[in-house]
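Hi,

Here is the structure I said I'd pass on. Have a look, and my notes follow below.

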Amino acid sequence: MGSRKEASDIKTQCELAAYFTHSNLQPTHLALSLISAMSASVKAKNYKTASGFARRLLELNPNHKGAGQARKVIQLAEQHQHNEEHQLDYDEKNPFVICGLSMKPIYRGAEQLRCSYCYQPFLPQHRDAVCPVCLIGTVGADASGMVNSYGQLK
């Protein structure tokens, strides 16, 4: 039972690290998130995914140490011929937003609901839940959203 929980934790850690690499960050911070996701994927033996992070890292022209680490990961992935130990809920080529409750991706074109106040996206199964982000709105309810001034209502 303990090993199943550990495997689930490793998978979740890899998924969350992968999602974070798609945040709108400055290049130096993006490089750090890519290194973190790449390392987590290698530890989980998801070499194909790690190779994708390494290639994205090399596009940012990292320092000598980061570039060397990325090249090693790419070579490791080529040796293991796209071996994936854990099946991640992650598609690097398909744009997505993160569900505010389940922390799962909602890919472009998939049905999603929004918080009536802060506009955070959610998966449809969370309809009518209280938004955990703002603690004010309701998921899927119709409302004007957050209004900062009277002029926005016009």
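A54 touches M38, A70, V73 and I74, leaving aside residues up to four places away in sequence; contact means heavy atoms within 4.5 Å. Bear in mind that this is a predicted model: local features need pLDDT of at least 70, side-chain atom pairs count only at pLDDT 80 or more, and totals for chains, interfaces and linings use all residues. Residues are numbered from 1 along each chain as its sequence is written, and side-chain values use heavy atoms, with hydrogens and water left out.

A54 is also among the residues with the most contacts inside the largest nonpolar core, along with M38, F53, L57 and Y90. That core has 22 residues, a core being a set of buried Ala, Val, Leu, Ile, Met, Phe, Trp, Tyr and Cys residues joined through side-chain atoms within 4.5 Å. (Buried is under 20% relative accessible area, with a 1.4 Å probe and protein chains only.) Helix α2 gives the most to this core, with six residues. Helices here are DSSP runs (H or I, at least four residues), numbered from the N terminus.

A second, separate core of nine residues includes L113, C115, L123 and V139.

Now α3 (residues 47-59): the buried residues there include Y47, F53, A54 and L57. N61 follows α3 and has a positive phi, near 55°.

Finally, I35, M38, S39 and V42 in α2 meet Q69, A70, V73 and L76 in α4.

Cheers

Methods
Helix = DSSP H or I, 4+ residues; strand = E, 2+ residues; numbered from the N terminus. Buried < 20%, exposed > 50% of the residue type's maximum accessible area, 1.4 Å probe, protein only.
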